[in-house]
Amino acid sequence: MLWVLLHGLAMVLFINRYLGGLALRILRHRTWDETTDDFEPTVTVVIPLFNEGARIAETLRSVLASEYPDAKLAIVCVDDCSTDDSFERALEVVDPRLRVIRNPMNVGKRRSIIDAVRTATSEVVVSIDSDVVVEPSAIRQLVRRFTSPRIAAVGGWVDVRNKHDNWLTRMQTVKYWYAYYVMRNVEQGFKQVMCLSGCLTAYRRSVLLELEPILEGRSLFGFPIKYGEDRFLTRQIIKAGYLTTITLTARCKTFVPTTLATYFSQQLRWRRSNVIDYTGGFSHMWRLNPLLAINYFAMFAVLVVYPITVFRVVAAGAFFPALLMHLEILAVFGLYYRWRVRKWPKEDRVGALSFIPQSLVMPVTYALLTPLALFTLDSGSWETRRHGQLTADRRGDRGSRPSPSSPVLVDPQAPRDTPAPVGGS
């Protein structure tokens with residue numbers, strides 16, 4: 001019975017997400033990715049930083065190379081008490097548009113961004129993760145999608161930097177491609193994309209300030225929640241009545257896990273985020289367009305039913321036939337991906353069979369990590385981040401929050417051999 005239920009849910013998702021999304025794209029092709037060149041706001045790029053090492057310099061330089069008027073672009077890099085040389089690496093990048101800030105105590109990514117948004121004066125805030133590089137046109141392309149006052153956030157395309165490292169990164173390359181080129185079509189058709197990545201997303205600053213109390217007070221049973229903040233923020237924007245969208249013309253690249261240990265750690269954090277988000281959406285997602293609501297609740301149902309089904313299939317001795325069927329389906333998906341990217345440069349695409357390992361990885365991420373996520377929802381760990389100060393991190397979240405003026409502003413023109421003043425508590 002569970003096997004039939006899972007297949008039924010999968011069919012609903014396939015028809016709605018893939019076929020429905022394709023139909024919407026065809027029907028609305030003229031207004032699918034609307035742009036305007038009449039909107040050129042001031043922009044503040046906020047880059048939260050923790051233990052990124054030498055990579056932060058590359059990230060900052062890629063943002064500084066953006067094709068956007070210098071007078072309207074500011075970059076704020078907020079170091080959250082890194083325990084490596086990330087802060088010093090950031091100071092090495094000198095530009096009048098760049099400010100480097102260090103928190104006096106570890107307060108987490110969310111509060112680092114909130115403080116930066118409070119002190120900014122721009123119309124638009126662009127969130128960029130500290131391990132990505134952005135294309136020069138990315139910020140311009142994001143801004144061009146604010147075609148209506150109701151559009152509060154525009155996300156870009158997050159691509160993979162280390163595509164060809166090994167089989168795992170190649171598998172994730174295909175997964176990321178589907179996430180942006182196929183799986184968000186229904187949501188984009190209604191301009192209600194449910195999750196915009198902090199790797200590259202532009203927000204109206206006024207909306208972030210409006211939602212600040214909700215974002216700052218996010219917790220579960222008294223424990224501050226630090227995972228899934230991008231998903232949570234996007235859902236709150238939609239709940240408040242605003243629109244969200246994405247564009248594939250604004251591109252950034254990020255590193256993906258290269259080992260199963262780090263990959264499963266990442267997936268565990270994402271599973272916690274899914275559980276929290278789907279549960280929180282029950283109060284209002286049913287008010288959306290039926291296609292969106294069906295997609296949302298079907299995804300939640302699959303999240304719950306899939307682990308049970310896997311255990312039942314294993315107990316019945318039918319795991320390998322099920323695995324074979326899953327493998328065949330993923331092979332078809334891989335072939336479709338390869339056909340779609342056939343004209344791309346060789347370094348930007350991977351082989352048609354790269355997605356097949358997902359047939360083995362997916363049962364683990366769903367069957368084992370989903371139940372584990374349910375029992376570790378109060379975790380404050382980023383899992384894939386190198387947080388050596390987790391205890392201090394939690395203490396900082398529970399304690400009094402530093403005022404917006406408490407981060408230390410470092411003059412980018414100051415001599416590099418002068419120690420930066422760092423506040424303490």
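User: In which sense do β6 and strand β10 pair, and over how many bridges?
Analyst: Strand β10 (residues 243-254) and β6 pair in the parallel sense, over eight bridges. Two strands count as paired if DSSP finds at least two bridges between them. Helices (H or I, at least four residues) and strands (E, at least two) are DSSP runs, numbered from the N terminus.

User: What kind of model is this?
Analyst: This is a predicted model, in which local features need pLDDT of at least 70, side-chain atom pairs count only at pLDDT 80 or more, and totals for chains, interfaces and linings use all residues. Residues are numbered from 1 along each chain as its sequence is written, and side-chain values use heavy atoms, with hydrogens and water left out.

User: Back to β10: which residue there is the bridge partner of valine 154?
Analyst: Threonine 245 in β10 is the bridge partner of valine 154.

User: How many bridges join β6 to strand β7?
Analyst: Three bridges join β6 to strand β7 (residues 200-204), and these two strands run antiparallel. Glycine 155 has threonine 201 of β7 as its bridge partner.

User: Where is arginine 145 found?
Analyst: Arginine 145 lies in the loop between α5 (138-143) and β6. Arginine 145 is buried, with a relative accessible area of 4%.

User: Which residues does arginine 145 touch?
Analyst: Not counting residues up to four places away in sequence, arginine 145 touches Asp33, Glu34, Thr35, Ile151, Val154, Thr247 and Thr249. Contact here means heavy atoms within 4.5 Å.

User: With which side chain does arginine 145 make a polar contact of 2.8 Å?
Analyst: The 2.8 Å polar contact of arginine 145 is with the side chain of aspartate 33. The side chains of arginine 145 and threonine 247 are joined by a polar contact of 3.3 Å. A polar contact is a pair of N or O atoms within 3.5 Å; within protein, one must be able to donate a hydrogen and the other to accept it, and residues adjacent in sequence count only if both atoms are side-chain atoms.

User: New topic: which residues of β1 are buried on each side?
Analyst: Val43, Val45, Ile47 and Leu49 are buried on one side of β1, and Thr44, Val46 and Pro48 are buried on the other. Seven of the seven residues of strand β1 (residues 43-49) are buried, so β1 is largely enclosed by the rest of the structure.

User: How many bridges pair β1 with β2?
Analyst: β1 and β2 pair over seven bridges, in the parallel sense. Valine 46 has valine 76 of β2 as its bridge partner.

User: In which sense do β1 and strand β4 pair?
Analyst: β1 and strand β4 (residues 124-128) pair in the parallel sense over four bridges. Threonine 44 stands opposite valine 125 in β4.

User: Is the phi of cysteine 81 positive or negative?
Analyst: Cysteine 81 has a positive phi, near 60°, and is a residue other than glycine. Most residues other than glycine have a negative phi. Cysteine 81 is found in the loop between β2 (73-79) and α3 (86-91).

Conventions. Buried < 20%, exposed > 50% of the residue type's maximum accessible area, 1.4 Å probe, protein only.
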